[in-house]
Amino acid sequence: MKQITRLGLGLLLSSSLVTAHADDVKIGMITTLSGGGSHLGVDVRDGFMLALEQSGRDDVEVLIQDDARRPDLARSLSNEFMQRDKVDILTGIIWSNLAMAVVPSVVRQGTFYLSPNAGPSDLAGRMCHENYFNVAYQNDNLHGAMGAYMRKEGYERPIIMAPNYPAGTDALAGFKHLYEGEVVGELYTQMGQTDYAAEIAQIRDSDADSLFFFLPGGMGISFMKQWESSGVDMPIFGAAFSFDEILIKAVGSAAIGARNTSLWAYDLENEANERFVESFQATYDRMPTLYAAQGYDTANLILSALETAHPDDKDAFREALRAADFDSVRGEFRFGPNQHPIQDIYVREVVEGDDGEPTNRLMGIAVEDIQDIYFEQCQM
């Protein structure tokens, strides 16, 4: 089924071995497959390719390249995909700073971009575009939902922390928007930071009654291990980006009891999700994360649109994407006017699983039908 050829920093991965024809669809995926946070890109890729394999189509070719988490490389790869490979669709970017370096130019040149992860506020608002669809979330969503949840749970003095980059500033803005109260303090860390002694000291010296943080990938692992050894006793909350199945196993017992918001959970009960989780585990021998779920949904959205139109017919294909006529693993899914999801956000708790390892357990819904606040700035 799959042909893999190594090309420098990236991979070329074709979903079939057939020779491309004029009506075939070519998709370029730029994602993070090496270095810190690479498991996010690996899961997006694997979820996406699983959906394509299940579809049985032989007219869709996927070219995959590793951006190494570098904006300049991501921009260069996008140009190669458009100019040399003539792709119809681009997808895959994990990090918001890379999305901002790539997406505006891509969509202005007439190529469709579907985001399976990054959702910076500018692309949902003033820089929205008819060729840009976000299939995951707007960056504020999960954090805002946790703010609403913590307010309902009676936490009155949270301290909040995130890295100083677009998704980090969106995270804390989103939290505050739906928390609707005062926070004790805001801490901004550096991207890729590994030592959190100073931040932990500030948290200890505050009069906070809770901690909300957004530290995706290896940053979350480093922080949680240092947090456990610090002895600070305070309830911890976050978004799924800091508590996916891979991260919490790396963190270990320090993650137990933490609550996190997610657009998806592996124990969410619907037929599409049960099929996805079972097939992902059978294919890759691991539990999927939300990134895999987002990659899977992104591919299935594209496949549903291809049933109606080819990307060459841009107006028809765009309308088919907007219809979102596919079975999402997260349940009900629809796009708002800025082509970002309107969806439920769930609360999960990290518990000890049957195997003694940390795992997430679905607790319920934090916010129903959440919609970002930036759609009003979108002139589309």
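Colleague: Which two residues form a disulfide, with sulfur atoms 2.1 Å apart?

Modeller: First, this is a predicted model, where local features need pLDDT of at least 70, side-chain atom pairs count only at pLDDT 80 or more, and totals for chains, interfaces and linings use all residues. Residues are numbered from 1 along each chain as its sequence is written, and side-chain values use heavy atoms, leaving out hydrogens and water. A disulfide here is a pair of cysteine sulfur atoms within 2.5 Å. The pair that forms one is Cys128 and Cys378.

Colleague: How many residues apart are Cys128 and Cys378?

Modeller: Cys128 sits in the loop between helix H4 and strand S7. Cys378 is in the segment after strand S15. Helices (H or I, at least four residues) and strands (E, at least two) are DSSP runs, numbered from the N terminus. So the pair, defined by sulfurs within 2.5 Å, links distant parts of the chain, 250 residues apart.

Colleague: Are Cys128 and Cys378 buried or exposed?

Modeller: Buried means under 20% relative accessible area, exposed over 50%, and partly exposed in between, with a 1.4 Å probe and protein chains only. Cys128 and Cys378 both come out as buried.

Colleague: In S5, what is the bridge partner of Gly28?

Modeller: S3 and S5 run parallel, joined by 3 bridges. For Gly28, the partner in S5 is Leu90.

Methods: Pairing = 2+ DSSP bridges.
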